[in-house]
Amino acid sequence: MRYLTFALTKGRLAFQTLELLERIGISCEEMKDKSSRKLIFYNEEQKLRFFLSKGPDVPTYVEYGAADIGIVGKDTIMEENRKVHEVLDLGFGKCRMCVCGPESARQYLTHNQLIRVATKYPNIAKDYFYNQKNQTVELIKLNGSIELAPIVGLSEVIMDIVETGSTLKENGLSVLEEVCPLSARMIVNPVSMKMDNERITKLVEALRGNLN
Ligand code: PRP
């Protein structure tokens, strides 16, 4: 039997994924060691292989078949737009994609003004403003701490994920518009889905039966 390879999103999502996998009898003890710098882990008995990568790279590994299965946020799936099958909503990592900014920026959204939008998600933002809202905006790509942008005057608003809302609150910003709900999803390479259909289907069904 060949190895079934999982690409997991480094960080909290990976730990939550391991907990879920344990509930269906799949374990990878080595992977739980937070101090380890190891990138790939094997479960020899079950012929499984796991590796950790940055979220935006997970759909890439899965599209090319370097991983059969990926666990990644819906935000990343939407942004990367790779040829993968999304097969399961894992129900954790819940948050929302939102347009945020100071309350004073709300008027720019209702009056369709030409504003600057800072975001880690230029593709999602482009689709939202151009196709859904018909508002022309200038998109500014950032890589983190997006909330800074409207505070220092880089942009009028941001598009970002909001979980508890505390980052916004502590920085005097609000949710101005909600774009969509998000959570962790399982994605599968289309060829793997055909070649290992029985094995992957069994896995998906076992996971589905064990979601909180
Ligand atoms: C994310 C997101 C927000 C924050 C939202 O950032 O970009 O900044 O979490 O969470 P909250 O609503 O619970 O405050 P992350 O911590 O992933 O880091 P980043 O800013 O470097 O992207």
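Trainee: How exposed is E163?

Mentor: Quick caveat: this is a predicted model, where local features need pLDDT of at least 70, side-chain atom pairs count only at pLDDT 80 or more, and totals for chains, interfaces and linings use all residues. Residues are numbered from 1 along each chain as its sequence is written, and side-chain values use heavy atoms, leaving out hydrogens and water. Buried means under 20% relative accessible area, exposed over 50%, and partly exposed in between (1.4 Å probe, protein chains only). E163 counts as partly exposed, because its relative accessibility is 49%.

Trainee: Which residue forms a salt bridge with E163?

Mentor: A salt bridge here is a side-chain nitrogen of Lys or Arg within 4 Å of a carboxyl oxygen of Asp or Glu. For E163 the closest N and O atoms are 3.3 Å apart, and the partner is R12.

Trainee: And how far apart in the chain are E163 and R12?

Mentor: E163 sits in the loop between β9 and α7 (166–170), while R12 is in helix α1 (residues 12–23). Helices (H or I, at least four residues) and strands (E, at least two) are DSSP runs, numbered from the N terminus. The pair therefore links distant parts of the chain, and the separation is 151 residues.

Trainee: Which strands stand at the edges of the sheet?

Mentor: The five strands form an open, mixed sheet in the order β8-β7-β9-β6-β10; two strands pair if DSSP finds at least two bridges between them. Each edge strand has a single partner, so one side of it is left without a neighbour in the sheet: these are β8 (137–141) and β10 (174–182).
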